[in-house]
Amino acid sequence: MAKEKGQKLIAQNKKARHEYMILDTYECGMVLTGTEVKSLREGRANLVDGYAYTQAGEVWIDNVFIPEYTQGTWTNHSARRKRKLLLHKMEIRKLEAKTKETGHTLVPLSLYFKDGRVKLELALAVGKKLYDKRQTLREKQDTRETARALAAARRRQG
């Protein structure tokens, strides 16, 4: 069997980038059962309600929805179980120290296959205030308007 190469996106948490200010990102593996991997290969998962936490020197992710595998039998997994994340010990220690600070949290950003293995992009983040969200929207709108104006100017010239 030929080994899979490249990266294939399964799910993305777009709301996280709007709700949180991302300070740092980490790529981590996940401990999964066979039916979970098969369900992910069908491209079905939801990260929106998911959150991660550190406990006894380990990082866990909870409330990530991976639906039951349709062809699964009694060995099927539960859809919203907590799953262990695989990180280096130094990264875990750094995350433990940072999450003890007020306002810092661990948020899943995306779930993808990388060379045949399931990876999770985990972010160390701080919640945005309402005015921060408005500022981000204003900046996006300004860049969009600038791009439109430049495109219109080029059309008039050419």
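User: Why is Glu27 called partly exposed?

Analyst: In this predicted model, Glu27 has a relative accessible area of 38%, and because buried means under 20% and exposed over 50%, with partly exposed in between, Glu27 counts as partly exposed.

User: What makes the contact of Glu27 and Lys114 a salt bridge?

Analyst: Their side chains meet at 3.4 Å, N to O, and since the cut-off asks for a side-chain nitrogen of Lys or Arg within 4 Å of a carboxyl oxygen of Asp or Glu, the pair qualifies as a salt bridge. Glu27 lies in strand S2 (residues 20-30) and Lys114 in strand S6 (residues 104-114), so the pair ties together parts that are 87 residues apart in sequence.

User: Why is Lys133 called buried, and what is Glu19 called?

Analyst: Lys133 has a relative accessible area of 17%, and because the limit for buried is under 20%, Lys133 is buried, whereas Glu19, at 28%, counts as partly exposed. Glu19 and Lys133 form a salt bridge with their closest N and O atoms 3.1 Å apart; Glu19 belongs to helix H1 (residues 14-19) and Lys133 to helix H4 (residues 130-157), so this pair ties together parts that are 114 residues apart in sequence.

Key
Residues are numbered from 1 along each chain as its sequence is written. This is a predicted model: local features need pLDDT of at least 70, side-chain atom pairs count only at pLDDT 80 or more; totals for chains, interfaces and linings use all residues. Side-chain values use heavy atoms; hydrogens and water are left out. Helices (H or I, at least four residues) and strands (E, at least two) are DSSP runs, numbered from the N terminus. Buried means under 20% relative accessible area, exposed over 50%, partly exposed in between (1.4 Å probe, protein chains only).
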